[in-house]
Amino acid sequence: MTDIYIFDRKSVNQHHSRARELVDNHDFLFREIADRLGDRLMDIARDFPKALDLGSNHTILKETLGTRGGIQDFTVAKFLSGEHPKLPKKDTPPSNDVEIVSEIMPSVPQSYDLIISNLCLHWINDLPGILLQAHQSLKADGLFLASMIGGESLKELRACFMEAEMEIEGGVSPRVSPLIDVKDAGALLQRAGFALPVSDFDRIEVSYVNAFDLMKELRGMGETNAIHNRRKSFTRRETLLKAAELYQEKFSDSEGRINATFDVVYLAGWAPHTSQQKPLRPGSAVERLSDFLNTEETKLT
């Protein structure tokens with residue numbers, strides 16, 4: 001694992017733990033994207049009996065997917081902070097969960113037909129390492145399918161807090177996580193050794209009554225600031241009020257509701273297998289593109 005810590009894993013887990021009891025009131029994005037992942041599974045004409053949910057802190061993904069993709073055995077892998085997990089209390093029912101300590105997955109090579117993750121991986125410090133471990137945990141021709149917050153998500157909130165802090169406090173502090181873009185996501189899949197890697201994204205725009213309503217939603221999702229070098233003190237009241245005022249001025253619609261952008265990056269790749277398509281060797285084509293386009297081919301000199 002990398003020694004560079006972008007996120008404070010203990011804080012991430014605390015935020016998720018506090019939000020677990022509230023998530024049913026703030027689950028729109030989780031359920032919507034889980035459903036879209038399920039649709040992508042349905043587009044693949046094969047079953048994935050043994051699946052691993054990589055990173056969920058609730059049951060939304062399992063509930064939403066149901067038996068799509070032919071899933072029969074569904075294991076959940078939860079990210080813990082650096083400490084080792086506590087022993088279960090007496091009379092605690094046995095769990096089928098996998099515990100990932102310090103972003104190191106238990107060694108279970110070639111164990112799963114499908115590893116799927118829904119809006120979890122944007123909190124990982126060593127994303128290349130986790131992708132590599134996921135690749136190693138898949139059976140040959142197994143599928144890795146994930147969604148994560150990326151792109152320009154919450155660009156409106158980011159801009160308003162930056163302007164408010166500059167005006168009120170004379171400087172800015174890290175508030176919104178660094179986010180991956182589609183090209184980098186595809187490159188990471190290749191680097192991890194996945195075959196036929198694909199990355200793309202959806203942009204979802206959601207409206208809220210005001211900026212405070214949006215911030216309440218983010219807390220209810222467990223998606224509040226956990227950057228390692230963030231300011232540890234509470235945000236000043238004047239800064240919060242100014243950011244909310246700027247948000248209303250710059251990003252409200254005709255009905256006075258503010259708009260928030262969520263970019264969801266999707267990653268898909270396969271554990272290599274001899275049955276998969278291979279790219280043709282350069283120069284091996286037997287048909288010319290110019291013949292299909294009805295044009296003359298010009299050779300470069």
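This report walks through the salt bridges of the structure shown above.

## Ground rules

This is a predicted model, where local features need pLDDT of at least 70, side-chain atom pairs count only at pLDDT 80 or more, and totals for chains, interfaces and linings use all residues. Residues are numbered from 1 along each chain as its sequence is written, and side-chain values use heavy atoms, leaving out hydrogens and water.

## The overall count

There are 17 salt bridges here (a side-chain nitrogen of Lys or Arg within 4 Å of a carboxyl oxygen of Asp or Glu). Some residues join up: Glu152, Lys155, Arg203 and Asp263 are linked in a salt-bridge network.

## Bridges between distant parts

Take lysine 78 and aspartate 97, whose closest N and O atoms sit 3.3 Å apart. These two tie together distant parts of the chain, 19 residues apart: lysine 78 is in strand β2 (residues 73–80), aspartate 97 in the loop between β2 and β3 (98–101). Helices (H or I, at least four residues) and strands (E, at least two) are DSSP runs, numbered from the N terminus. Lysine 78 is partly exposed at 32% relative accessible area, and aspartate 97 is partly exposed at 34% (buried is under 20%, exposed over 50%, partly exposed in between, with a 1.4 Å probe and protein chains only).

Lysine 139 also pairs with aspartate 113, N to O at 3.5 Å. Lysine 139 is partly exposed at 32%, whereas aspartate 113 is buried at 10%.

## A bridge within a helix

Lysine 242 meets glutamate 245 at 3.7 Å, N to O. Both are in helix α8 (residues 237–251), and because they are three residues apart, about one helical turn separates them. Lysine 242 is buried at 16%, while glutamate 245 is partly exposed at 38%.
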